[in-house]
Amino acid sequence: MTYFLKKINQVKKDKHILKNIDLAIESNSIVAILGPSGSGKTTLLNILAKIDQPSSGEFTSESDQNPKGIMVFQEYLLFPHMTVAKNITFGLRMSKVKRDDIKERLAKITEVMGISDLVDRYPDELSGGQRQRVALARAMILRPKLLLMDEPFSSLDENLRIEMLNFVQQIQSQFDVTIVFVTHYKNEAYLLSKRIAILIDGSIKQISEPEQLESDPIDIEVAKFLGQANFISGKVTGNTFDSLIYRGEVELKNNPQGYLYIPYANQVTLEKTEYPAFFAEVVNKVWLGSVERVTVRMDSVTVSFDCRPNLVKIGDQYSFYFDKKPVVY
Amino acid sequence: MTNRKNIILLSLPFCLFFLLFFLSALFKSLITSFGYYPVLNMKKFTWEYYISALSDASFLSISWRTFLFSVVSAFLACIIGMMIAITLYRHKKDRGIVFRITELPVMLPHIFVVIALFQLLSQTGVVPNILIHLGLLQSTEQFPLLLNDNYQIGVIITYLYKEIPFVIVSLMLVLRQMNDKYEVVALNLGANKFQTFWNVTLPMIQTALVNAFIINFSFNFGSYEVPFLLGNQQKELLPVYIYNYYVQGDITQIPLVMSLNMILSVFSIVFAAVLLVISKKIPGGRIGGNR
Amino acid sequence: MKNLLNNIWTFIFCALIVIPLIVIFLLAIGSSWNYPDILPQQLEFQNLIKMLFTNSELIHSLTQSILLSLGTIILTLAIAYPTAILLAHYDFFGKKVINLLVYLPLIIPSIALLTNLDFVMIKFSLNGSFVGVVIAHTLFYLPYAIKLLMDNFEQNGNAFESVSKNLGANNWQTFWNVTFPMSKSGLQGAILMTYVVSMTQYLATLLVGDGKFLTLSVRMFPFTTAGKYKIAAIYAFTFLIVTLIPLFLIDKYIIRNRRRG
């Protein structure tokens, strides 16, 4: 089964928030919607949750004419005046499910989430990670086919974030649920999802796997958003690019604006290839664990990229090469 | 140690004032109500005045009438005020000119409303006149008696005019602090609009609502001015009854008046305490309604 | 369509609130507004203005009202300000008791409280005195003033005081440079409301003042009971001028400006 977003537009107070969104979401998968803040991510999620109606376009699925996602909100929004148990069973109580069933499903879901001993507490007596588990339980107890998560990990600290990422993956496979989540951290998206939709300024720019996204962003906006790259301005004539640090043949993207794209990872190397890059002096290097981020200078231009540790020395000059034909946006 | 000195210094003005003018007043009327009244050479403690107060049929019926009247008007003010507050908040009219106008009655003296009501709603007032001009009434006698009437309608209108805005203003403070996304969550989890109001919105504002109710009730129960101006002499309300008793000048009646005061004070405190306890126990009580 | 309906309801709501004010205004400036007139027969603005400046009873009432209010403001702040700091920033044995005591004057029926108070004022020989009336007025607004200031202090927290002391200021400097300026909005609210509430007091002024303080509110009553609505309205109108207009101006210029600055 697949969910379809067809030509979704959202206009509010003359602001065009979503522009012609087309997206197919395979069931039983995790799809990440990645984009900077203000790009319309939450608006899109609200449409999937039927909190908001789009100005035009439709959201359907193959089996269900009117699908509705259950949302886990960014701030969790656990009702402060209800215990954990009351919070989790809220949806079931509202749709008047029998008491015994509620009890049974509560016991089951709290066990899966590892929060069985918290049911009598109030939200203000929980830690951040516990709150998220309760919020997740409150949604999952309704056995949703489509689960939506708004910036689910942004307020957790580093260790907890990794733990919860794994946990969500586990939940997904255990319950056969489709998860759509939005985030502005690309690492979160890469860790959790094989399929990432980049949403910038209300349009979906690119949908692809993490590796492909990094190596081949579709345009300069996506490349700039993903960051972790140098953009060197210069002039394009035919297939040649001319700048202070590099002159030579390049691959041109659509409507090139004259920016040479040098990602930090997997582009610049010391090994000789058929694409000589530049001759430059190493001015700084920072240890990042498995790699070193090296900064080189040539005339007034500095460029940064990752190298194997201890390959270069500060103050020395080297000839660098491009791994593959460089790209100009 | 400086902490302790600060606490004593800071609490001094309040404690002094309350001791001299509040607690002493309570204490003096307490002992007087038990018949200790040296001015008349009475120095023996007795339950006599309480017994006669509580067996006085007219006092009891006036008290009961005033209690009912106070509960009904305070309750109406809370319900109507709550509905208006939520509506204004939903439609983003909680700031600017509409809110400024809403705040107005909170600052106006009751007598303003009374003067306007006399001019508008008495049987020879402007409103019956307009109705006659429109052909809806034939004569002024057909217009119902709304002021100085048997059902305290004039008093209730005046109190509602002052108290509905008071409820709106106090609820608005809570509503603005409340995250209105909680309602979105409830709807997303499958609750309908009424369920969302009943299970989510109401618990979050109920403590503020109960506080407003208590303040309104106590005011309605004990305030003299409006019942004096707009009340009915056959159906007297308590404050008028007590005031008349107190100022009639018969000094031997003072212990009895003080026992009436004591009974009413204790009753009001107990009533407020019961409401506060209930509000603590029902959903929303635990968090104070403002998170 | 729905929007229009909403606006109509909002309009009706606002109109209901404003109508008494319009009636007071028309009564004050109109002449001979009696049955069966729907509106006053004539408007005589000049008469009203002349009266405001020359009627000695009116001016006397106004002065009395304002003097009592000023006294009440001073006494109320002198008690409410330290109490609010105490309740907002300190923990001590008996805090709960004080917290409850503060609200008692609101809960005890005011007629009982007033007759009790009058009774004890006679004992202290304060009945009929300026101080006595100021005390009675203070008792009735004190709970609100304390609450207003307390909310303000709680909102500010006391971290800024710690910063100030950490930077080398002493207690006194900290108070004048940090605590006091930061409490201005609460203070302003408390002063304005105390002013208005003191102006409106009728029974407290009459009873504890032994009828010696004929404020605007006190004088309005006999006129109303005697059916002299026009003269009552003129007093009411004077009341409006000296309360609502300053309130409005202060709100508009001082509070707005501070927000901008």
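## Helix α6 of chain A

In this predicted model, α6(A) is followed by D176(A), a residue with a positive phi near 50 degrees. Helix α6 itself covers residues 158–175 of chain A, 18 residues in total. From its first C-alpha to its last the helix reaches 26 Å, close to the 26 Å expected at 1.5 Å a residue.

The buried residues of α6(A) are R161(A), M164(A), L165(A), F167(A), V168(A), I171(A) and Q172(A). These buried residues pack against three strands of chain A, namely β3 (30–34), β6 (146–150) and β7 (178–183). They also pack against the helices α4 (99–113), α5 (128–140) and α7 (186–192) of chain A.

## Aromatic pairs in chain B

Over all chains, the structure holds 51 aromatic pairs. One of them joins F18(B) and F22(B), with 4.8 Å from centre to centre and 40 degrees between the planes, and is classed as tilted. Both residues belong to helix α1 (residues 2–33) of chain B, where they are four residues apart, about one turn of the helix. An α-helix has 3.6 residues a turn, so residues three or four places apart point the same way. F18(B) counts as buried because its relative accessibility is 2%, under the 20% limit. F22(B) is likewise buried, at a relative accessible area of 0%.

A further pair is formed by F67(B) and F217(B), whose ring centres are 5.7 Å apart. Their planes stand at 75 degrees, over the 60 degrees that the class requires, and the pair is therefore edge-to-face. F67(B) lies in helix α3 (residues 57–90) of chain B, whereas F217(B) lies in helix α9 (residues 193–222) of chain B, so the pair ties together parts that are 150 residues apart in sequence. F67(B) is buried with a relative accessible area of 16%, and F217(B) is buried with 2%.

F67(B) and F217(B) also belong to a cluster linked by ring pairs. The cluster includes W64(B), F213(B), F221(B), F267(B) and F271(B) as well.

## Charges over rings

In chain A, R138(A) lies over the face of F79(A), at 5.0 Å from the ring centre. In chain B, the charged end of R176(B) sits over the ring of F99(B), 4.7 Å from the centre of that ring.

## Contacts between chains

Two pairs of chains are in contact, and of these chains B and C share the most contacts. Chain A and chain C do not touch, and their nearest C-alpha atoms are 15 Å apart.

Conventions
Residues numbered from 1 in each chain as written. Chains lettered and ligands numbered in written order. Predicted model: local features only at pLDDT ≥ 70, side-chain atom pairs only at ≥ 80, totals over all residues. Heavy atoms only, no water. Phe/Tyr/Trp six-rings, centres within 6.5 Å; stacked < 30°, edge-to-face > 60°. Helix = DSSP H or I, 4+ residues; strand = E, 2+ residues; numbered from the N terminus. Buried < 20%, exposed > 50% of the residue type's maximum accessible area, 1.4 Å probe, protein only. Lys NZ or Arg CZ within 6 Å of the ring centre and 35° of its normal. Contact = heavy atoms within 4.5 Å. Expected span 1.5 Å × (residues − 1).
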